[in-house]
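Please keep the sequence and the structure in view while reading.

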Amino acid sequence: MSTSTLHINLNNLCQNWRDLDAQSAPHVETAAVVKADGYGLGSAQVATALQKAGANSFFVALPSEGAVLRKALGNAAKIYVFSGMMLSDAKTLHDHKLIPMLNAPEQMMRFRTELPDADFGIQLDTGMNRLGMEANEFAPHRDSAQNAQLIISHLACADTPDHPQNRAQLAEFHALTDGLSARRSLAATGGTLLGAEYHFDLCRPGIGLYGGHPFTNAAPVATLSIPVIQTRVVAAGETVGYSATWVAQRNSRVATIAAGYADGLIRAMGGGDICLFADGIPCPIIGRVSMDLITVDVTDLDHVPDQMDLLTETQTIEHLADAAGTIGYEILTNLGARYARNYAG
Ligand SMILES: *Cc1c(COP(=O)(O)O)cnc(C)c1O
């Protein structure tokens, strides 16, 4: 095939969902966060597979993402929108039966005026200072909060289990919501792994479903194969790529493959120990990552295949993230629009 192909293993995705679901007690619901097009892997396909595995509740960032999801999932699924209800969101929320997580007193007012009979959720700020109502803003709305479908808050440091802010946010969430009858949720992937105290009525993992940290036992979900465009012989002493950063120490064979930083393969991951795999044999990236191309040292191969693999079961988004000085979330969500997506399972 002449396009790069992102292979998405929906069986492993569903296994990760079941494994995370098994972390919490049976009465705790496990939802799925599928914002940013299912962390770059295709929200409709991802959510449909998870619905079959047993997920009933889904979270997106924006109403437009919810509209796509509603079409894929049908009317039974609950679809929550983290950004709540911004100006002119009413029609999309209404038409697709989306549940806004109301984040501020102005959003509460807007909701009451524009969609008074619709379902809603509430997001509280317990210390992250990003989204959600603070204690003083929430106080006048405590009574109506009884009718919320869900009350959530989000942990800032859940991927660092010993961080004191986890307990502080947990205490604040209790202080704000104890005594209310509405269902509650505090845990994303990190919080799900922190233990039962953090689970409340619903856990809402994202990254762990897709094989990313902090769910270190996750099964890999995305693998990526990239076609080889051409190979060449480079004599000892010649250089490869922009700024001539790589100098051949021996007579070498170099393969040029058809993806680069415009495909989400972050330029900073070059020059480290990231490899392309030729039928399982590792071949180092050499020189700079270009916009549409990466160069690979294939001198030691007997045979250069038509495709080489960048993401594999053993070289995961976390390895790419470490090499590029970023996190698995950013690698995943940047995986490019130019890839063909191939779903298995
Ligand atoms: C993105 C997000 C999640 C999912 O987080 P992961 O770390 O990917 O599990 C959960 N809750 C909120 C509010 C989010 O923004």
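In this predicted model, a backbone N or O atom of Gly206 lies 2.8 Å from an oxygen atom of the ligand. Taken alone, the ligand would expose 390 Å², and the protein buries 91% of that area. Side chains also provide polar atoms: one belonging to Tyr39 is placed 2.5 Å from an oxygen atom of the ligand, and one belonging to Thr189 is likewise 2.5 Å from a ligand oxygen atom.

The ligand sits in the largest pocket. Around the ligand there are 14 residues, of which Lys35, Tyr39, Thr189, Ile207 and Tyr329 come nearest. By residue class, this shell comprises 7 nonpolar, 4 polar and 3 charged residues.

At the level of the whole chain, the domain assignment gives domain 1 as 10–210 and domain 2 as 222–344. The C-alpha centres of domain 1 and domain 2 are 37 Å apart.

Note on methods
Residues are numbered from 1 along each chain as its sequence is written. This is a predicted model: local features need pLDDT of at least 70, side-chain atom pairs count only at pLDDT 80 or more; totals for chains, interfaces and linings use all residues. Side-chain values use heavy atoms; hydrogens and water are left out. A residue is near a molecule or strand if one of its heavy atoms lies within 4 Å of it. A polar contact is a pair of N or O atoms within 3.5 Å; within protein, one must be able to donate a hydrogen and the other to accept it, and residues adjacent in sequence count only if both atoms are side-chain atoms. Accessible areas come from the Shrake-Rupley method with a 1.4 Å probe; for residues, only the protein chains shown count as cover. On a 1 Å grid over the protein atoms alone, a cavity is a set of points where a 1.4 Å probe fits but cannot get out, and a pocket is an open set with protein on both sides within 12 Å along at least five of seven lines; lining residues have an atom within 4 Å of a point. A molecule sits in a cavity or pocket if more than half of its atoms lie within 2 Å of its grid points. Ala, Val, Leu, Ile, Met, Phe, Trp, Tyr, Cys and Pro count as nonpolar, Asp, Glu, Lys and Arg as charged, and the others, Gly among them, as polar. Domain bounds come from an automatic or database domain assignment.
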